[in-house]
Amino acid sequence: MSQATPPLVFAVLGFLCLGGGFGVAAFRVMQPVPPPPFAQVPKDEVAPEPDTMLVYVPLEEQLAVAVAEQPVRVMLTLGVSLRASVGDLVALKADVDERRPALLAALLKVAQVEVAKTAEPAVLLKTLPGPLRDVVNKALGTDALPEPVEEVLIMGLVTQ
């Protein structure tokens with residue numbers, strides 16, 4: 001009986017070593033990964049006024065941008081983010097409805113200038129929002145609300 005004991009002990013030890021190794025590896029792999037740090041909010045950023053609200057408004061029309069210098073045609077679906085009081089937002093909506101054709105023409109003109117420089121989607125996603133925001137703010141801004149549009153959002157960009 002003493003001769004059968006050593007192989008049984010080695011078998012149990014081998015099983016414990018393999019099982020223990022897999023158990024330790026599984027424990028290490030299953031540990032949660034800490035989330036990446038988020039971008040820090042700039043300290044100089046002014047807090048919004050408490051009576052204002054942020055609203056995202058999609059523009060219904062698509063802009064079809066075609067430039068003779070570029071063989072590519074670009075279709076843009078845009079939206080804007082507005083921060084204002086409820087009363088200002090209602091007045092702004094009425095102003096947008098009244099000036100829609102002129103506003104779309106101004107947006108198209110700026111988009112054509114940017115597409116003439118390059119028609120690469122990645123570059124357009126970076127360069128278009130700033131000039132488009134400036135044109136919308138110039139068209140819709142008033143003395144009381146000089147820059148109603150915080151950001152122009154490119155919700156869709158298709159190149160053909």
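Helix H4 (residues 129-140) lies across E2 and E3 and runs at about 125° to E3. Axes here are lines fitted to C-alpha atoms, for helices over the stretch in contact, and angles run from 0 to 180 degrees between N-to-C directions; contact means heavy atoms within 4.5 Å. Helices (H or I, at least four residues) and strands (E, at least two) are DSSP runs, numbered from the N terminus. The model is predicted, with local features requiring pLDDT of at least 70 and side-chain atom pairs counted only at pLDDT 80 or more, while totals for chains, interfaces and linings use all residues. Residues are numbered from 1 along each chain as its sequence is written, and side-chain values use heavy atoms, with hydrogens and water left out.

The strands form an open sheet of three, in the order E1-E2-E3, with antiparallel pairing; two strands pair if DSSP finds at least two bridges between them. Strand E1 (53-66) and strand E3 (149-159) stand at the edges with a single partner strand each, so one side of each is left without a neighbour in the sheet. From one strand to the next, the twist averages 20°. Between E1 and strand E2 (residues 73-84), the antiparallel pairing extends over eleven bridges. Val-65 has Val-74 in E2 as its bridge partner. Helix H2 lies across E1 and E2, at about 35° to E1.

Eight salt bridges were counted, a salt bridge being a side-chain nitrogen of Lys or Arg within 4 Å of a carboxyl oxygen of Asp or Glu. Accessibility is described as buried (under 20% relative accessible area), exposed (over 50%) or partly exposed (in between), using a 1.4 Å probe and protein chains only.

Asp-95 forms a salt bridge with Arg-99, with the closest N and O atoms 3.0 Å apart. These residues are separated by about one helical turn because they lie four residues apart in helix H2 (residues 86-117). Asp-95 is buried, at 16% relative accessibility, whereas Arg-99 is partly exposed at 37%.

A salt bridge also joins the side chains of Lys-117 and Glu-114, at 3.4 Å from N to O. Both residues belong to helix H2 and are three residues apart, about one turn of the helix. Lys-117 is exposed, with 59% relative accessibility, and Glu-114 is buried, with 10%.

Arg-133 and Asp-134 form a salt bridge through their side chains at an N to O distance of 3.7 Å. Arg-133 is partly exposed at 30%, and Asp-134 is partly exposed at 46%. A network of salt bridges links Glu-60, Glu-61, Lys-93, Asp-97 and Arg-100.
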